[in-house]
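Please take a moment with the sequence and the model below before reading on.

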Amino acid sequence: MHILLTRPFDNASELIFRFKSLGHVVSNIPVISINKKEYSKLDYSQFKGIIFTSSNAIKFLDTKPLDKNIKCFCVGEATEFVAKKKGFQNIFSAEGSVFNLKEIIMQNFKSSEGKLLYVSGEIITFELDKFLISEGLKVDRIINYTSNAVENFDENLINDLKNNIPDIVYIYSKNSALSFKNLIKKYDLQNQWMNTNLMCISEITSSVLNDIKWKKIF
């Protein structure tokens with residue numbers, strides 16, 4: 001099976017290895033670039049829980065001053081994996097959905113425990129911090145990275161894509177979906193996906209690509 005991953009290689013390398021070890025052909029065409037964003041220094045001692053909705057939020061955070069036994073809420077397995085590598089011990093993980101994550105937070109963190117720190121990118125599909133605040137929790141959000149659409153692609157990668165349209169495409173964010181749609185239009189690939197399954201992290205993400213004819217959308 002031919003699988004296309006659209007995340008930057010640093011974020012996709014482990015998944016690429018896992019798919020290849022199962023005998024799949026894997027292509028990697030990053031449609032966004034991830035860049036660190038400077039943020040105000042914080043007194044981490046005031047927080048009793050921390051929330052990560054992407055592995056990039058962990059990678060671009062100075063975690064050395066943080067108590068690694070703090071309650072750590074992760075959006076999914078990939079984010080949890082990076083959190084463990086950084087030394088976090090008390091991790092609660094959702095199944096790749098921010099909507100599942102908010103329920104896990106509500107079940108496992110009480111307002112009486114103190115304040116939560118929410119670390120995220122500039123663009124989010126759901127204002128998790130505002131929801132949690134509306135439910136009575138105290139939350140501070142910091143933005144420590146940005147994601148920008150890739151506009152110019154390696155022509156060799158595009159030619160390979162045209163000659164071997166993948167069986168599955170993975171899209172991880174609304175921003176990635178918008179960038180991938182621009183790629184499709186730029187290289188006149190609108191009618192090439194009828195035998196391809198589209199795998200998206202959420203319905204908000206998949207809605208960007210609904211006007212493309214896919215075999216099936218998950």
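This is a predicted model: local features need pLDDT of at least 70, side-chain atom pairs count only at pLDDT 80 or more; totals for chains, interfaces and linings use all residues.

As a general point, the strands of a sheet pair through backbone hydrogen bonds, and they may do so either parallel or antiparallel.

Both strands are part of an open sheet of 6 strands, arranged in the order β3-β8-β7-β4-β5-β6, in which the pairing is mixed. Because β3 (32-36) and β6 (90-93) each have a single partner strand, they stand at the edges, and one side of each is left without a neighbour in the sheet. Neighbouring strands here are turned against each other by 25 degrees on average, when direction is ignored. Helix α3, made of residues 77-85, packs on this sheet and touches β4 (47-52), β5 (71-74) and β6, while its direction makes about 170 degrees with that of β6.

Which order do the strands of the open sheet with 5 strands follow? They are arranged as β2-β1-β9-β10-β11, and their pairing is parallel. At the edges stand β2 (25-28) and β11 (216-217), each with a single partner strand, so one side of each lacks a neighbour in the sheet. Strand β1, residues 2-5, runs parallel to β2 and is joined to it by 4 bridges; Ile3, for instance, has Val26 in β2 as its bridge partner. Helix α1, which spans residues 9-21, packs on this sheet, where it touches β1, β2 and β9 (168-171), and its direction makes about 170 degrees with that of β2.

Notes: Residues are numbered from 1 along each chain as its sequence is written. Side-chain values use heavy atoms; hydrogens and water are left out. Two strands pair if DSSP finds at least two bridges between them. Helices (H or I, at least four residues) and strands (E, at least two) are DSSP runs, numbered from the N terminus. Contact means heavy atoms within 4.5 Å. Axes are lines fitted to C-alpha atoms, for helices over the stretch in contact, and angles run from 0 to 180 degrees between N-to-C directions.
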